[in-house]
Amino acid sequence: MLRENKLSIKIGKAILIFYLLIFIVSIFWTPYDPNEVVTSNKFLAPSLSHLFGTDNMGRDILSRIMEGTKITIMLSFGTVFFALIFGSIIGGAAGYFGGNVDEVLMRFIDSLMAFPGILFAMMLVFVFGAGVMNTIIAIGTMSIPYFARVVRSGFLQVKEAVFVKSAMVKGGSPLYIAKNHIFPNIKNQLMVAIILSISAAILSEAGLSYLGLGVRPPHPSWGRMLKESQAYFNQAPWYFVFSGVNLSLLVLGFTLYGENFRNKRLEEKKG
């Protein structure tokens, strides 16, 4: 079982390194302009000149997937950073102070959780408009309750420890104690939450873009590419396959790599 876990982690790490390289390369270079429309090149099959073929507008699919990788990674990390900051503030304050502070903040979190996450994100995007920043805020807002609960749980566990009580007696401020004593001891819990949330953010963004509410065209989004490719599956099956495989692989990479931090968390509990 341990060997299987190590193999899964290595596979996940390899996938993430691969997409990180694509992300870096796509910042400086793509084989073609991802948004260049060449009607004479519509539905070209994969070849040496177009490794992944072309789409219904003659755009190079490989170039669009590379550009889509950049957008997807930036958006998912931005989403998780947004949710982590606000979730940590809310969950940390609730767990540290307890009492009425905990009650008020957790009721606020419960009110956010009362809405189905993706529907809440759709509503925000619909009201404020599509685009990268609005998508980050929408998906990030629906992820705040998850981080708030994880952080609150960690604070409740660690704040009773002797070293935390000692820091309190010495007059350490709540911010100092949280930064230097509590957060370092719940980092594996947070890393599991971050990895899982990145996977969820990728899928949520793809879902919103599939519905036309995510990244604005002509910028490529894997969700929108899947939507477009469905209508042309018989003419250009490679369009659908390459879009779907890349989305699935990136999510799989984060999921498998997350096992690394789950294992560390289990070791902590046993210890």
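Helices and strands here are DSSP runs, a helix having at least four residues and a strand at least two. The views below come from a predicted model.

View 1. An unreviewed UniProt entry lists residues 12-31, 74-97, 117-139, 190-216 and 236-257 under "transmembrane region". Residues 190-216 are 78% helix and 0% strand, and their end C-alpha atoms lie 31 Å apart. For residues 236-257 the figures are 95% helix and 0% strand, with 33 Å between the end C-alpha atoms.

**View 2. Glu67 in helix H2.** Glu67 sits in helix H2, which covers residues 61-97. Its relative accessibility is 15%, so Glu67 counts as buried, the cut-off being under 20%. Apart from neighbours within four places in sequence, Glu67 is in contact with Ser26, Pro34 and Pro220.

**View 3. The largest pocket.** This pocket has a volume of about 230 Å³. Residues lining the largest pocket include Lys13, Tyr19, Phe77, Ile198 and Tyr257. At least two lining residues come from each of helix H1 (2-28), H2, helix H8 (187-210) and helix H10 (237-270). H1 gives the most, with five residues. By type, the lining has 11 nonpolar residues, no polar ones and one charged.

**View 4. The second largest pocket.** The volume of the second largest pocket is about 190 Å³. Among the residues that line it are Ser88, Gly92, Phe155, Pro174 and Lys179. H2 and helix H7 (174-182) each supply at least two lining residues, and the largest share, six residues, comes from H2. The lining of the second largest pocket divides into nine nonpolar, two polar and one charged.

Notes. Residues numbered from 1 in each chain as written. Predicted model: local features only at pLDDT ≥ 70, side-chain atom pairs only at ≥ 80, totals over all residues. Heavy atoms only, no water. Buried < 20%, exposed > 50% of the residue type's maximum accessible area, 1.4 Å probe, protein only. Contact = heavy atoms within 4.5 Å. UniProt positions renumbered as here; feature names shortened; annotations may be inferred. 1 Å grid on protein atoms, 1.4 Å probe; cavity = no way out; pocket = protein on both sides within 12 Å on 5 of 7 lines; lining within 4 Å. Points joined across faces, edges and corners; volume = space filled by probe spheres on them. Nonpolar A, V, L, I, M, F, W, Y, C, P; charged D, E, K, R; others polar.
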